[in-house]
Amino acid sequence: MSPRSASVNEELRRRSKERLLQAAVELVRERGYEATTLGDIADRAGSARGLVSYYFPGKRQLLQSAVHRLMHRTLEEALEREPRTGDGPERLARAIDAILGLARDEPVLMRQHMAGLLQEQGFLQCPEQRRLAELLRDTVARHGSRDVDHDYPMLRALLMGAVYAALVPGVPMPVPALRAELFKRYRLDWEMGVPPDAEAPGGTCDTDLSRFFATGAAAECPPDRQSK
């Protein structure tokens with residue numbers, strides 16, 4: 001049997017890594033962070049346990065990459081959904097709603113993600129995080145920023161602060177109130193994006209996150225969910 005080509009090996013590694021990212025999100029979502037082990041994640045992904053350590057320094061870093069993947073795919077989906085638009089304010093509204101929507105719909109994952117950012121190892125620079133940054137920077141630029149290097153970090157900080165405020169145990173702020181403040185700051189009309197009492201066009205696929213971790217091109221909602 002001839003050895004596999006470098007491109008085939010690279011594709012296998014990519015798929016293996018994506019399965020680990022998806023498994024991490026699924027298990028932390030189901031059991032919580034402390035009750036999920038790296039062995040559990042490897043078993044769910046169908047991978048050798050040593051492979052987890054090959055790709056990620058530890059569980060915290062794995063989860064951070066996985067949540068960054070969830071965030072950038074959620075944002076990408078929101079920005080590119082029909083009707084597609086190049087309108088800067090509308091795209092910024094969609095971006096704000098996408099991130100706040102994760103705080104509302106995935107509190108366990110987002111709370112653990114925020115907790116990880118505050119630990120000593122801090123913010124993990126990884127391909128998933130860089131893609132998220134690219135999307136947010138492009139959104140800021142399309143909104144008309146004259147200084148993206150200043151305005152992008154400010155938007156990121158405001159979104160992180162809003163997510164944190166929405167997730168504080170015991171005293172969470174309601175997402176509509178946080179949305180109102182961000183929309184006021186950026187002079188966005190309330191009807192833009194996905195207002196709290198509306199549903200995103202095409203359905204939301206809230207419970208199944210697998211499309212965000214599919215290999216190859218960005219996945220779409222399963223056909224049986226698109227009409228719901």
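# Reading a helical model

Student: Which residue caps the N-terminal end of α5?

Tutor: D87 does. One of its side-chain oxygens lies 2.9 Å from the backbone nitrogen of E90. A polar contact is a pair of N or O atoms within 3.5 Å; within protein, one must be able to donate a hydrogen and the other to accept it, and residues adjacent in sequence count only if both atoms are side-chain atoms. This is a predicted model: local features need pLDDT of at least 70, side-chain atom pairs count only at pLDDT 80 or more, and totals for chains, interfaces and linings use all residues. Residues are numbered from 1 along each chain as its sequence is written, and side-chain values use heavy atoms, with hydrogens and water left out.

Student: How many helices and strands does the protein chain have?

Tutor: Ten helices and zero strands. Helices (H or I, at least four residues) and strands (E, at least two) are DSSP runs, numbered from the N terminus. Along the sequence the pattern reads α-α-α-α-α-α-α-α-α-α.

Student: How many residues of α5 are buried?

Tutor: Buried means under 20% relative accessible area, exposed over 50%, partly exposed in between (1.4 Å probe, protein chains only). In α5, 15 of the 18 residues are buried, and the helix is mostly covered. Over the protein chain, 46% of the 228 residues count as buried.

Student: Is R94 buried or exposed?

Tutor: R94 lies in α5. Its relative accessible area is 4%, so R94 is buried. Contact means heavy atoms within 4.5 Å. Setting aside residues up to four places away in sequence, R94 touches A78, L79, R81, P83, T85 and G193.

Student: Where does P83 lie, and which peptide bond there is cis?

Tutor: Most residues other than glycine have a negative phi, and most peptide bonds are trans. The bond from E82 to P83 is cis, with omega near -5°. P83 lies in the loop between α4 (59-80) and α5.

Student: What is the phi of R187?

Tutor: Positive, about 55°, although R187 is not a glycine. R187 lies in the loop between α9 (175-185) and α10 (223-226). At 76% relative accessible area, R187 is exposed.

Student: Which residues have the most contacts inside the largest nonpolar core?

Tutor: A nonpolar core is a set of buried Ala, Val, Leu, Ile, Met, Phe, Trp, Tyr and Cys residues joined through side-chain atoms within 4.5 Å. The largest has 60 residues; L75, I96 and L188 have the most contacts inside it. Leaving aside neighbours within four places in sequence, L188 contacts P89, L92, A93, I96, H143 and F183.

Student: How many aromatic pairs are found?

Tutor: Three, in a search of the whole structure. In one of them, F183 and W190 sit edge-to-face, 6.2 Å centre to centre with 65° between the planes. Rings of Phe, Tyr and Trp (its six-membered ring) pair if their centres lie within 6.5 Å; planes under 30 degrees apart count as stacked, over 60 as edge-to-face and the rest as tilted. F183 counts as buried because its relative accessibility is 2%. W190, at 34%, is partly exposed. Y54, Y55 and F56 form one aromatic cluster.

Student: Which charged residue sits over the ring of Y33?

Tutor: K59; its charged end is 4.1 Å from the ring centre. The rule is NZ of Lys or CZ of Arg within 6 Å of the ring centre and within 35 degrees of the ring normal. R185 lies over the face of Y186, at 5.8 Å.
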